[in-house]
2 protein chains.
Amino acid sequence: MRVVVLGGDGYCGWATALYLSKNGHSVAIVDNFARRQWDHELGVETLTPIRPLAERLSVWQSLTGETIKLFVGDVTEYDFLSSVIQNFEPEAVVHFAEQRAAPYSMIDRKHAVFTQVNNVVGTLNLLFALREFQPDCHLVKLGTMGEYGTPNIDIEEGYITIEHNGRRDTVPFPKQPGSFYHLSKVHDSHNIMFACRAWGLRATDLNQGVVYGTMTDEVALGEALINRFDYDDVFGTVLNRFCVQAAIGYPLTVYGKGGQTRGFLDIRDTVRCIEIACLNPAARGECRVYNQFTEQFSVLDLAHMVQTAGKELGLKVEIDHLADPRVEAEEHYYNAKHSKLIELGLEPHMLSDSLLDSLMNVALKYRDRIDANVMLPRVNWRQPGNPAARKPVEAPARLVAAAAGKSNGSRRNAAAASRELHPKAGR
Amino acid sequence: MRVVVLGGDGYCGWATALYLSKNGHSVAIVDNFARRQWDHELGVETLTPIRPLAERLSVWQSLTGETIKLFVGDVTEYDFLSSVIQNFEPEAVVHFAEQRAAPYSMIDRKHAVFTQVNNVVGTLNLLFALREFQPDCHLVKLGTMGEYGTPNIDIEEGYITIEHNGRRDTVPFPKQPGSFYHLSKVHDSHNIMFACRAWGLRATDLNQGVVYGTMTDEVALGEALINRFDYDDVFGTVLNRFCVQAAIGYPLTVYGKGGQTRGFLDIRDTVRCIEIACLNPAARGECRVYNQFTEQFSVLDLAHMVQTAGKELGLKVEIDHLADPRVEAEEHYYNAKHSKLIELGLEPHMLSDSLLDSLMNVALKYRDRIDANVMLPRVNWRQPGNPAARKPVEAPARLVAAAAGKSNGSRRNAAAASRELHPKAGR
């Protein structure tokens with residue numbers, strides 16, 4: 001089928017575009033390279049040496065004979081976006097083209113406003129463009145499990161049936177997001193739900209958990225196709241960061257008690273979930289919600305798993321607890337349903353099977369690219385606008401993991417630096 | 001206490017500013033006159049001849065000896081807004097400074113995007129300004145009963161306790177808003193709730209019903225203090241429009257079956273509710289929600305009440321049913337709680353008591369200013385972007401109500417025009 005991947009140069013977007021292309025779909029990528037700009041802004045780099053998109057696409061074509069079409073532009077510009085929809089006439093639009101890091105949205109007011117305006121306007125534009133030019137097209141929108149927060153009841157997939165004062169209704173599951181980024185996704189979800197109801201659009205809102213890993217069969221075809229592997233404090237996800245810390249002998253930085261429990265999934269499951277959603281479109285007028293993750297872990301669970309995996313590789317991995325820079329429950333009930341994608345055919349990859357190959361070995365392979373200065377949290381939820389959060393890392397010092405003697409000293413510095421950044425957040 | 005009224009030149013804002021000033025509070029108004037601009041854009045005018053704000057404030061000072069401070073600017077500009085907060089050091093901020101018309105937000109994509117960006121960014125700016133400069137200040141934010149939609153269960157005040165799979169939690173009441181405007185208020189509510197949790201701000205989210213009437217004791221002090229009375233299809237609220245239609249012998253335009261039931265309140269209760277909220281601030285970290293309305297009516301109930309009131313004044317009032325330009329349930333369950341403001345001392349004005357004085361007589365007094373061309377719905381929820389919605393009324397013909405003979409013909413034209421605008425919306 002004809003699928004546009006908005007944000008196809010990003011982490012999930014790139015893997016998705018290749019997977020769909022490999023599986024016989026006609027794929028177009030839309031991107032404005034914002035994700036690469038944010039790296040420059042923050043003074044960080046992906047662990048893996050990703051290539052320019054033009055080169056990636058050209059290599060993909062050489063290796064597979066498949067062409068992925070490219071539209072360069074910003075989805076917040078309606079003329080651009082609507083021209084893509086008219087030109088490509090997609091049957092499905094996969095929408096990853098949003099600012100997706102909670103810490104980035106919490107840097108300061110400007111970043112909060114940017115995140116919400118960018119994400120909300122991009123999605124509004126898409127809804128209007130689909131209504132006007134391609135009303136039968138299926139919107140596959142990436143939401144986040146973070147939209148639900150951590151309620152003290154089971155989390156359902158998007159909707160919950162409530163009995164109240166002797167009456168009954170099925171309503172959207174209440175949302176309690178924990179950052180301006182997560183809030184932007186909640187705003188999107190409400191806007192999409194309304195557009196489906198008012199205009200008969202069809203949408204699937206995929207509330208995705210935390211994605212880990214970088215290898216997919218497609219990415220593995222060539223070094224120039226390599227995907228992002230973010231481990232910095234702003235865009236890095238927790239498991240990637242832990243693996244990188246383990247690889248250079250740094251202690252794993254657990255925020256607070258580490259009882260924060262979330263849904264996780266392998267990026268190979270992300271791409272499959274997207275295809276499943278595309279192949280099983282929502283009905284006209286339907287706004288369907290799937291919880292897209294495969295396993296639940298607490299942050300401390302993950303730290304222990306990385307510790308064990310490190311031992312197998314001969315690494316000595318310690319665990320540090322930092323004051324939690326986020327405002328979140330450090331211990332809580334968490335039980336989120338995630339059966340709908342399984343029912344449609346998803347066969348999950350389990351973290352225990354992929355931790356070594358897809359994560360630890362990638363971290364080790366590229367460990368001379370690791371910048372140990374960018375892993376401690378610089379963004380404090382309670383104090384947005386602190387200068388440290390906005391200051392790019394000056395003169396990043398590349399640590400060579402082999403310099404084993406430095407590990408203890410660096411750890412002490414790391415902990416001290418964190419206390420400096422979060423003076424009021426001590427436990 | 002020191003209270004800033006954001007949007008103090010608007011309908012609710014003006015009445016609120018005067019009421020608070022009269023009751024001994026130190027009041028400042030912030031406004032950028034956006035509301036007056038939208039009238040120009042749409043080619044409409046308030047029924048009542050409102051005076052420029054500078055004149056209103058100067059007359060208020062002459063009549064009462066009270067000074068209301070004025071800051072002219074846009075709350076979406078952070079430097080301006082934060083300077084007001086620093087300069088005035090308010091104990092409460094009453095936030096009316098939003099685009100508040102559902103039909104305006106549904107005109108087309110640009111109006112939808114404008115409404116959401118304007119409202120969300122203004123509120124985000126306010127949250128950041130309070131956090132940075134006045135963290136103890138109480139935010140009194142105007143939401144809308146429309147945030148809840150029309151669920152098949154009782155609507156609680158902001159939060160609902162859910163029992164689910166043997167567990168129990170109190171969570172935000174699920175939101176199902178029915179326009180991009182109502183959605184913007186839902187976005188605000190989520191943002192505010194998060195800011196209270198993350199930063200310990202104090203907020204009261206007032207989910208207000210449909211406000212009617214124009215007379216308050218303060219406004220009545222002088223002709224130059226007169227408040228807005230909007231009756232056009234975009235900014236006019238349903239009861240105002242019905243009274244104006246009755247005054248000129250036009251049939252009341254009920255959308256669809258008229259079973260749409262909503263909460264309503266007299267503007268004299270609006271201003272009192274605001275004061276009650278200010279005098280009983282939320283605690284630090286608390287995001288409190290009150291449902292601010294006093295009575296529930298269906299649209300058809302209102303039409304019949306206006307018909308009866310018209311009869312007392314010697315007016316023959318007919319009722320027309322138009323195809324509903326909105327996407328909404330035309331018959332539904334509706335039972336919304338609204339006891340919290342009553343518990344804090346609100347003594348409601350009942351519509352049955354104020355319909356003649358505060359509404360019908362105002363409509364009759366200014367009936368030679370009525371423009372009969374602006375009362376039929378020009379904005380269709382299902383077809384945003386239709387040119388008719390954006391076309392300003394050309395050469396508005398002032399109808400004199402006395403020209404009774406025209407009534408039937410006009411009605412026929414009205415119905416025909418409506419059908420033309422909503423070709424697919426026939427019942």
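Me: Take a salt bridge as a side-chain nitrogen of Lys or Arg lying within 4 Å of a carboxyl oxygen of Asp or Glu. How many salt bridges does that rule give over all chains?

Reply: First, a caution: this is a predicted model. Now the general idea. Side chains of opposite charge can pair when their charged atoms come close. Here the count comes to 44 salt bridges over all chains. One case is A:Asp9 with A:Arg56, at 2.9 Å from N to O.

Me: Which parts of chain A does the pair of A:Asp9 and A:Arg56 tie together?

Reply: Place each residue on its element. A:Asp9 sits in the loop between β1 (2-6) and α1 (11-22) of chain A, and A:Arg56 sits in helix α3 (residues 53-64) of chain A, so the pair ties together parts 47 residues apart in sequence.

Me: How many residues of each domain are in contact, and what area is buried between them?

Reply: Contact counts come first, then area. On domain 1 of chain A, 38 residues are in contact with 42 residues of domain 2. The two domains bury about 3,600 Å² between them, and carbon and sulfur atoms give 60% of that area. A:Leu47, A:Tyr212 and A:Phe264 supply 22% of the area that domain 1 buries against domain 2, more than any other three residues.

Me: How many salt bridges and polar contacts cross between the domains?

Reply: Take each type in turn. The rule finds two salt bridges across the interface of domain 1 and domain 2 of chain A. A:Arg35 forms a salt bridge with A:Asp230, with the closest N and O atoms 3.2 Å apart.

At least two residues each on the domain 1 side come from α2 (34-42), α5 (102-105), β9 (210-212), β11 (261-266) and α9 (267-279) of chain A. The largest share, four residues, belongs to α2(A). By class, that side of domain 1 has 19 nonpolar, 10 polar and nine charged residues.

Me: Next, the two chains. How many residues meet, and what area do chain A and chain B bury?

Reply: 51 residues of chain A are in contact with 51 residues of chain B. Together the chains bury about 4,800 Å², with 66% of it on carbon and sulfur atoms. A:Arg109, A:Arg167 and A:Phe194 supply 14% of the area that chain A buries against chain B, more than any other three residues.

Me: What is the count of salt bridges between the chains, and what of polar contacts?

Reply: The salt-bridge count between chain A and chain B is zero. Polar contacts number 24 residue pairs, both residues at pLDDT 80 or more. On chain A, α6 (109-133), β6 (159-164), β7 (167-172) and α7 (180-199) each supply at least two residues of the side that touches chain B. The largest share comes from α6(A), with 11 residues. That side of chain A divides into 27 nonpolar, 12 polar and 12 charged residues.

Notes
Residues numbered from 1 in each chain as written. Chains lettered and ligands numbered in written order. Predicted model: local features only at pLDDT ≥ 70, side-chain atom pairs only at ≥ 80, totals over all residues. Heavy atoms only, no water. Contact = heavy atoms within 4.5 Å. Buried area = accessible area lost by both parts, 1.4 Å probe. Nonpolar A, V, L, I, M, F, W, Y, C, P; charged D, E, K, R; others polar. Polar contact = N/O pair within 3.5 Å; in protein donor to acceptor, adjacent residues only side chain to side chain.
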